[in-house]
Amino acid sequence: MTDDEREAALEAIAAEVRVCTSCRLHEGRTRAVPGEGSASTEVVFVGEGPGFHEDREGRPFVGRAGALLTTLLGSVGWRREDVFITNVVKCRPPENRDPAPDEIAACAPYLRRQLEVLDPALVVTLGRHSLGTFMPGARISQVHGTARPADPGRGPQAALVFAMYHPAAALRTPEIERQCVIDMAAVPATLAAARARRSSAGRAAPAPAGPAQPEMTMTDQTPDQAARPAAAATPPPGPDHSAPSGPVPADPAADQLTLF
Ligand code: SF4
């Protein structure tokens, strides 16, 4: 699929989202928020649902949490327009309540189709509802900063999923903000591992389902390392930063830690 075809496919999905009435969340929305970003990206960030500002603008992550996400991306030298940003539900839950399971289920086909079109190497979950979509049963306090293979049934055919706290939680709790900085610092190395995995498996080969795969710990860095954006873009050396079953396969692209 060419970039133009991907853009057209994403816009077709967005057009459906904007008029969707498949769950009760459409009743209170001002604007649906399909998502936005690069159609040729390797990295998709998936949050939970639109908030007040997102509902007004029809764009994801434009409030304070969005500003923090932009800052976190900048800490590894990335810009928001380099990635694709979306949510598990595309319409704002009233009073910013959690999305209900039936609302998440109703909206899931849109996210799956977006991920099928983008076919990213890396999906970064933001918050527990996004985590629940890609790592069912996992607890965010235990798995943030780690990656595991994505279930191809969720859309991406050979991706890693990397778990992070939601930036809104980071705004409320300084310790979570500190963890977000550390976790984001590991994202470029995780992308390199995802590229290596795709390269060794073959681009078209589906990834094994998640639960049978070993978890990959990507944040065994010191806070000092994470605090230096330039250093954070380099995979930390040593076996602790590879999958438990062995080192990540060598990949000519591994040193190329920018998105393009
Ligand atoms: S949240 Fe999703 S399923 Fe529900 S109305 Fe909005 S677009 Fe449709």
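Predicted model: local features only at pLDDT ≥ 70, side-chain atom pairs only at ≥ 80, totals over all residues.
The largest nonpolar core holds 68 residues, and Leu122, Val123 and Val161 have the most contacts inside it. The element that gives the most to this core is helix H4 (residues 101-118), with eight residues. In general, nonpolar side chains of soluble globular proteins tend to be buried together.

Val161 belongs to strand E6 (residues 160-164). Five of the five residues of E6 are buried, so the strand is largely enclosed by the rest of the structure. Leu160, Phe162 and Met164 point one way from E6, while Val161 and Ala163 point the other way. Apart from neighbours within four places in sequence, the contacts of Val161 are Val123, Thr125, Phe134, Met135, Ala147, Arg148 and Ala150.

| Strand paired with E6 | Sense | Bridges | Residue facing E6 |
|---|---|---|---|
| E4 (residues 122-126) | parallel | five bridges | Leu126, opposite Met164 |
| E5 (residues 146-149) | antiparallel | three bridges | Ala147, partner of Phe162 |

Helix H1 (residues 3-18) has 16 residues, which at 1.5 Å a residue should span 22 Å; its end C-alpha atoms are 22 Å apart, so the two values agree. Leu10, Ile13 and Val17 are buried in H1. Seen down the helix axis, the buried residues of H1 fall within an arc of 60 degrees and therefore line one face. An α-helix has 3.6 residues a turn, so residues three or four places apart point the same way. Asp4, Glu5, Glu11, Ala12 and Ala15, on the other side of H1, are exposed. H4 is included in what covers the buried residues of H1.

Terms used
Residues numbered from 1 in each chain as written. Core = buried A, V, L, I, M, F, W, Y, C linked by C-beta atoms within 7 Å. Buried ≥ 20, exposed ≤ 12 C-beta atoms within 10 Å, placed from the backbone. Helix = DSSP H or I, 4+ residues; strand = E, 2+ residues; numbered from the N terminus. Contact = placed C-beta atoms within 7 Å. Expected span 1.5 Å × (residues − 1). Arc of directions from axis to C-beta. Pairing = 2+ DSSP bridges.
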